[in-house]
Amino acid sequence: MLSGMYYATVNISTVYTIHSRGMVLPGKAWELQRFADGNFITLLKDNFKGITDRFNVTEFSRGDVVEFRLLHNAEENPWIRQGDTLGYINSNEEQRRYRQLQDELEVLQAELLFYTTGQKPEDIEVSWEKLKLAEQDLKTETLLFQRNQVLYEDSVISKREHEIFENTLKLKEAELQIRSAEYTSAITGDKPEQELLIRSKIIQTTNQLEKISERLSYFTVISPIDGILKKNIDLLPDRMQLTVWDTSRLAVVIPIEVFEKKFIKLGNEISFYSLSEKTYLTGKITSINNLVQQSNNKQVVFATAEVDENISLETLGELVEVKILGEEISLKEYVHRIINKTISR
């Protein structure tokens, strides 16, 4: 009788099922975040691979007035195409600096034209007054730089602000050299050194303009993926977050206890009940991460499954009870796994 029961136990089979709680996520998600310090961060997450494909930080100096202007009306049409312009970041300091350099470049180009047309200053007195004014400006700028040098050493101002004052001082030094050369030219008529100095200054200013222009290009916010636009309105007033969800593929990220990792394979079917859809949905395991992490005081790895059906957007972010269907095993092996699982905890 006992041998018959043992034989039945050995030959009865069942499907080993792993139970866990997962989260439904878009296949990819792009985010733009503004933090309380005024800096912006953009990142592109691939939830199937479990990695961040792109990450960029845009920093601004303290005291700069920085605003984000959203162009796309998410309330009227939340759907976004790759390459769509979502909005612009406006920085008062960056725009001011860009205009200042443009003005300086125009002045230098006008001076170069003046010296390359063979004309001379007719009034030496005017040239002398410009030279004295440039000397006074340099003295004033030197005092300002020395004061801000102390503030920088005391960490009151940022390195970037310190570099702005340093560049301004260099501009005043160059301007004094220009005025001095102008005065010399007015007296002697000698221009080659003056022309060379102006050309050098034009190259320097043009390079600075190109760098700022390149930085300003990052202030145009463009979506790198197709998807639906979400704006988080629950954050603090000095923070914001925009998200574009790629809903062409939907993922379920599932924590798996380390003990049970060896019992699941790529392609295993999953099922879960969605409260939003009010129905059971299915999917298949597409990846298993080998990185061991802590979750609810348990050591786990994360598996990702792709959802088979098209589901509503309300399901995104939903926590669901997931069943992972494993291999068919004997009742004896099933009992053995349950006992080992209990011991391992």
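**Note on the predicted model: sheet pairing, a helix and the chain as a whole**

1. In this predicted model, strand β10 pairs with strand β14 (residues 319-330) in the antiparallel sense, and three bridges join the two. Within this pairing, I270 is the residue that stands opposite I324 of β14.

2. Strand β10, which covers residues 269-274, also pairs with strand β11 (residues 279-288), again in the antiparallel sense but here over six bridges. On this side S274 has T279 of β11 as its bridge partner. The hairpin that β10 and β11 form has four residues between the strands, and in it K278 takes a positive phi, near 55 degrees.

3. Turning to the helices, α3 runs over residues 124-153 and has 30 residues, with 43 Å from its first C-alpha to its last, which is close to the 44 Å expected at 1.5 Å a residue. After α3 comes S155, where phi is positive and near 60 degrees.

4. Which residues of α3 are buried? They are S127, L131, A134, L138, E141, F145 and N148. As background to this list, an α-helix has 3.6 residues a turn, so residues three or four places apart point the same way.

5. For the chain as a whole, the secondary structure comes to six helices and 14 strands, and buried residues make up 37% of its 345 residues. Of the contacts between residues at least 6 apart in sequence, 68% join residues that are at least 24 apart.

Note on methods:
Residues are numbered from 1 along each chain as its sequence is written. This is a predicted model: local features need pLDDT of at least 70, side-chain atom pairs count only at pLDDT 80 or more; totals for chains, interfaces and linings use all residues. Side-chain values use heavy atoms; hydrogens and water are left out. Two strands pair if DSSP finds at least two bridges between them. The expected span of a helix is 1.5 Å times one less than its number of residues. Buried means under 20% relative accessible area, exposed over 50%, partly exposed in between (1.4 Å probe, protein chains only). Contact means heavy atoms within 4.5 Å.
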